[in-house]
Amino acid sequence: MNKFVEYRREFHKYPEYGWREIRTSARVAEILTSMGYECLMGPDVVNTDSVQEAVRPSEQEVEESKVRAIAQGADPVFVERTKGWPGVIAELDSQKPGPVTAFRFDIDCLPYEEPHTSGYRPFEEGYISCNDGLVHACGHDAHTAMGLGIAASLAERKEAFTGRIRLIFQPAEETFYGAQSVIEKGHLDDVQNFIAFHVALSAENKPLPSHTICCGCKDFLSDRQLDVSFHGRAAHPCGAAQEGKNALLAACSAALNLHAIAPHEEGMFRINVGEIHAGVAANTIAPNALLRLEYRGETPAVAAYAGKRVFDILDGTAKTYDLTYTYLDYGDVPAGRSDDAMMEVINRAANKVPWFEKIYFEGNVGGTDDAASMITKVQQNGGIGTYVGIGTNTTQPVHNAEFDIDEDCIEAAIQIGVYALEELNGLPT
């Protein structure tokens, strides 16, 4: 078995949620160090002040993550180097004039329970998640392995490159502030070229199977998430019910009205109420309710429209049910667009990889990835970037607990990355 497939399976077996990726970071740094890289870790990678309390784990959770990392085979020296913060950056510095090119590889997982099901390959072949309620259901385990493969190829041929090549193993893509914390640490300030990979995207609005690739995506949606708490008043439903203020009904009404927001002609708009928690007892008017929602827009105008409508509905609901609400704002991930110039680089690279039989110039992400923040930052520098879709047959769609991939895509992606770097940072011929 290819060692980078082995790495993918290792990371799949030990998944870690956003801002808790201590074992993953320690192992990535250990492997990169064995290749000859000097690694930045933890607070040297991420601006810890960027990470709001809403997503930051407690001190106890951090310590538990460190203890678990060591118990699951991470080197204590590298665990200690994290200082409780995930993230790794390795850089090949050619000591020759040339551009700075950065790759982003996300390393976090999702908070689901992976099923122990007969016929499901991770279960059958012994790399199913051993961390309860956590699973790599979006391919970040494969992305991490791709990054290590590119690093290995560069280390073997470092004299063939110019400039600097920066490999960013980024935490917390599935939550918030992962990319932004790296940006605010300054690691994108000098980057002229930027590439991110993601498996299982689409092209022509159809999933990309094995042996296909899209060279970039331009349909990123912004994403904003809110936890909305409705504050009502408890009362008995049969006695003095008029004194009650039903937060549960308010949350349900708000959820229905939020999902009725009209689309916008300028671009895609999505909204989802993912959770409602309310009430205290069957015989009590619910005095409290928590509603968790997100909304996404393809352009700033669409996102602004969505935000206004969301808060119009929340305000109207509170007035209708004569109660109040507060909210916790997890922040905003912006939309973004890949650059044609970098997509053309990927197109030329893909044509050199026999595994790819069908190349789509433009694909669809149809959602959000904070790589868009990094692309936007590089574009503000005057540089170019792209978000590449690596085709792979899958057992289920992304964000399904039974998601698994055709692992042959890992080696193909490594080759794409190296060929792209030969054009961007290769010695003149």
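Helices (H or I, at least four residues) and strands (E, at least two) are DSSP runs, numbered from the N terminus. These legends treat a predicted model, in which local features need pLDDT of at least 70, side-chain atom pairs count only at pLDDT 80 or more, and totals for chains, interfaces and linings use all residues. Residues are numbered from 1 along each chain as its sequence is written, and side-chain values use heavy atoms, with hydrogens and water left out.

**View 1. Two residues other than glycine with a positive phi.**
His 399 sits in the loop between β14 and α12, and its phi is near 70°, a positive value in a residue other than glycine. Is His 399 buried or partly exposed? Here buried means under 20% relative accessible area, exposed means over 50%, and partly exposed is in between (1.4 Å probe, protein chains only). At 38% relative accessibility, His 399 counts as partly exposed. Now look at Tyr 177, in the loop between β4 and α7. The phi of Tyr 177 is positive too, near 75°. With a relative accessible area of 11%, Tyr 177 is buried.

Helix α3 runs over residues 59–71, and at 1.5 Å a residue its 13 residues should span 18 Å; the end C-alpha atoms are 18 Å apart, which agrees. (The expected span of a helix is 1.5 Å times one less than its number of residues.) Which residues of α3 are buried? They are Val 62, Ser 65, Lys 66 and Ala 69. These residues cover an arc of only 95° around the axis, which puts them on the same side of α3. The arc is that of the directions from the helix axis to the C-beta atoms. As a handy reminder, an α-helix has 3.6 residues a turn, so residues three or four places apart point the same way. On the other side of α3 you will find Gln 60, Val 67 and Ala 71, which are exposed. The cover over the buried residues of α3 includes α2 (22–34) and α4 (76–81). Just after α3, Gly 73 takes a positive phi of about 100°.

Side chains of opposite charge can pair when their charged atoms come close. A salt bridge is counted when a side-chain nitrogen of Lys or Arg lies within 4 Å of a carboxyl oxygen of Asp or Glu. By this rule the count comes to 33 salt bridges. One of them joins Asp 141 to Arg 8, with the closest N and O atoms 3.0 Å apart. Asp 141 lies in helix α6 (residues 140–156) and Arg 8 in helix α1 (residues 3–13), so the pair ties together parts that are 133 residues apart in sequence. Both Asp 141 and Arg 8 are buried.
Glu 125 and Arg 9 also meet through their side chains in a salt bridge (2.7 Å, N to O). This pair links distant parts of the chain, 116 residues apart: Glu 125 is in the loop between α5 (121–124) and α6, and Arg 9 is in helix α1. Glu 125 counts as partly exposed at 46% relative accessibility, whereas Arg 9 is buried, with a relative accessible area of 11%.

The side chains of Asp 190 and Arg 164 form a salt bridge (3.1 Å, N to O). Asp 190 is in the loop between α7 (178–184) and β5 (193–199), while Arg 164 is in strand β4 (residues 164–170), 26 residues apart. Asp 190 counts as partly exposed at 25% relative accessibility, and Arg 164 counts as partly exposed at 26%. Elsewhere, salt bridges that share partners join Arg 8, Arg 9, Arg 121, Glu 125, Asp 141, Asp 404 and Glu 407 into one network.

**View 2. Asp 406, buried without a salt bridge.**
Asp 406 lies in the loop between β14 (384–390) and α12 (408–425). Asp 406 is buried yet has no salt bridge, and the nearest side chain of opposite charge, Arg 121, is 6.2 Å away. (Lys and Arg count as positive and Asp and Glu as negative; His and the chain ends are not counted.) What does the side chain of Asp 406 make a polar contact with? Its partner is the side chain of Ser 210, at 2.7 Å. A polar contact is a pair of N or O atoms within 3.5 Å; within protein, one must be able to donate a hydrogen and the other to accept it, and residues adjacent in sequence count only if both atoms are side-chain atoms. The side chain of Asp 406 also reaches the backbone nitrogen of Asp 408 at 3.0 Å. Contact means heavy atoms within 4.5 Å. Leaving aside neighbours within four places in sequence, Asp 406 is in contact with Ser 210, Trp 355, Thr 392 and Asn 393.

Notes
The expected span of a helix is 1.5 Å times one less than its number of residues. Lys and Arg count as positive and Asp and Glu as negative; His and the chain ends are not counted.
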